[in-house]
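I opened my notebook today to look up a protein model and jot down what I found. Come along and check each entry against the picture.

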Amino acid sequence: MESQEQAGQARVRLPQLKLDELLEELQARLDAARGTRDRVHSLLEAVLSVGRELDLEQALHSIVEAAAVLVDAEYAALGVIGPDGKRLSAFHTVGVSEEQIARIGPFPEGHGILGELIRHPEPLRLTKISEHPASYGFPAHHPPMNTFLGAPIRVRDQVFGNLYLTEKRGGVQFDEEDESVLSTLAVAAGVAIDNARLYEESRLRERWLQANGELTHSLMSGGERGEALGLIAERAREITGAALAVVAMPLEDTDALEVELAVGQGAEAHQGLVLPMNGSLIGQAFSTATPVTSPDVTHDERVPAASPRFDGLGAAVAVPIGVGDGVRGVVLLVREVGRPPFSEKEIVPLRGFAAQAAIAMELAERRQDAEQIALLQDRDRIARDLHDLAIQRLFATGMTLQSAGRFIEHKEASERVARAVEDLDETIKIIRSTIFGLRARDGASGSGLRGRVVRVAGEAAPMLGFAPSVRMEGLLDTDVPREVADHVEAVLSEALTNVGRHAHADRAEVALETDGREVRLTVSDNGVGIPADGRRSGLANMAERGRQLGGELNVITPEGGGSTLVWRVPLTAEER
């Protein structure tokens, strides 16, 4: 009887045990399904969030944040692959503070495990980073990392960059589901990046079109060339994110280019600088009529040693203003150190903008020529009418008065008629002089002062052993009278000769400036200076030329060596 009761109790416990196990398994599956549902929901939210971003930098940051949340990683990063396809050009991180980044040092370029994903763009999952053959190690102050999950981001079948995640929270490993989620996010990220790029390119095209319209309107409405060059420099600098913009134009009657305008970082040092056509970055762009790039302008051999240093600047591009034989000048753009070099996608619209600027300048000049021709034709008509009508009538009136004067017996009246005839003769001379002035053309009156200064500096180069730096500012060809210009040329020649014979220098700088009231010539070198007991006949000659024009000569010998000569004279006779 007792055994039967025990058997019944066992039968009751057995179904209850199986039911508990089934309930637990069902609960586990429900939890897994709920977790999967929540994760899919989170993935969809991340995809939507990333897809809403139109700013590229913000989109990249959103992608990194979403990746870290979806796979529950402590650290996440997105590395953008550079144009060479071998290194990382940008790095976006999550989980590392700014202070830690500063202590670690420069962002990685793509060595070790990061480079492994660049070389083999496929998902990569590791239980311990240091055990992989490609492990490169971590720099000092880098947080410890063991588990790793990476996936490439493709944009239109091209690898844009890679997602890197390390240290899954809770000390567990990344699993296949994490890899699948990250790969899905990478696909959505590729679409978002493509959309952001297209939006960025459309905005960029819009800005270039606006700049073209602004420049054309300025020129065609009668704006000065200096204003147009300022627009070219400012708009190109703003749109490309450059720190410095320099516009150089060919110097008439010389084989050189002069910086007519510079804006941005260190612009003052470049204003008025004269650059050789051969051996300079700007000269190469002008002579070849093609853009010329430099990864680092501070260490580029095509930047003359005598030129101002580009402190704090790096990548540069020189773009011709115009195409083919119609190149009118060059615009040089330089970015700050650490900024990426100018890409082909940036250079193409920049070159188009410069070409359109040249066309607008050409049209404006043609319009000005037409207006000038109309003015000259009007002058010719006035001169012809004065000659054919006014002079002839005055001449006839004078002849009549002269004839009538013989019949006047009153002495005083006769003298008045004679004086009237003389006045008519003088009036005829004045009108004829005016006619000559109206018919005169702005012919070449010899080379301008700018060209003469460049030629003197070029002729002195063989004697010096190097080409001196030349910088010019102001309306030198129009404000400086021919007499003063002749003295400027002579003084410059004497000063450079003295540097070549006595200074033993390897660098010389020439600066010629005018403000409309005086002209100032400065010649400096880094040589041995002027000895107290040395010959001073050359300095005396230069000082005498200054005194003749009411000016002065000052010679400065800095403590660091070398010498500086400053020769200045007024431009008007009243100030002399």
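Entry 1, the largest core. I looked up the largest nonpolar core of this predicted model. I found 40 residues in this core, and Met472, Leu512, Val519 and Trp567 touch the most other members. Several elements give two or more residues to the core, among them α10 (449-464), β13 (508-514) and β16 (563-570). Which element gives the largest share? I noted α12, with nine residues.

I set aside residues up to four places away in sequence and listed what Leu512 touches. The list includes Leu449, Val453, Met472, Val488 and Val519, and also Arg471, Glu473 and Arg520.

I then found a second, separate core of 29 residues, which includes Ala228, Ala242, Leu261 and Met361.

I located Glu260 in strand β7, residues 256-264. Is Glu260 buried, partly exposed or exposed? I wrote down partly exposed, because its relative accessibility is 28%, and that label covers values between 20% and 50%. Beyond its neighbours within four places in sequence, Glu260 is in contact with Arg225, Leu229, Val247, Ala248, Met249 and Gln271. For Met249, 11 residues apart from Glu260 along the chain, I noted a C-alpha separation of 6.6 Å.

I counted 13 helices and 16 strands. Of the 576 residues, 40% count as buried. I also noted that the protein exposes about 32200 Å², with 52% of it supplied by carbon and sulfur atoms.

Methods
Residues are numbered from 1 along each chain as its sequence is written. This is a predicted model: local features need pLDDT of at least 70, side-chain atom pairs count only at pLDDT 80 or more; totals for chains, interfaces and linings use all residues. Side-chain values use heavy atoms; hydrogens and water are left out. Helices (H or I, at least four residues) and strands (E, at least two) are DSSP runs, numbered from the N terminus. Buried means under 20% relative accessible area, exposed over 50%, partly exposed in between (1.4 Å probe, protein chains only). Accessible areas come from the Shrake-Rupley method with a 1.4 Å probe; for residues, only the protein chains shown count as cover. Contact means heavy atoms within 4.5 Å. A nonpolar core is a set of buried Ala, Val, Leu, Ile, Met, Phe, Trp, Tyr and Cys residues joined through side-chain atoms within 4.5 Å.
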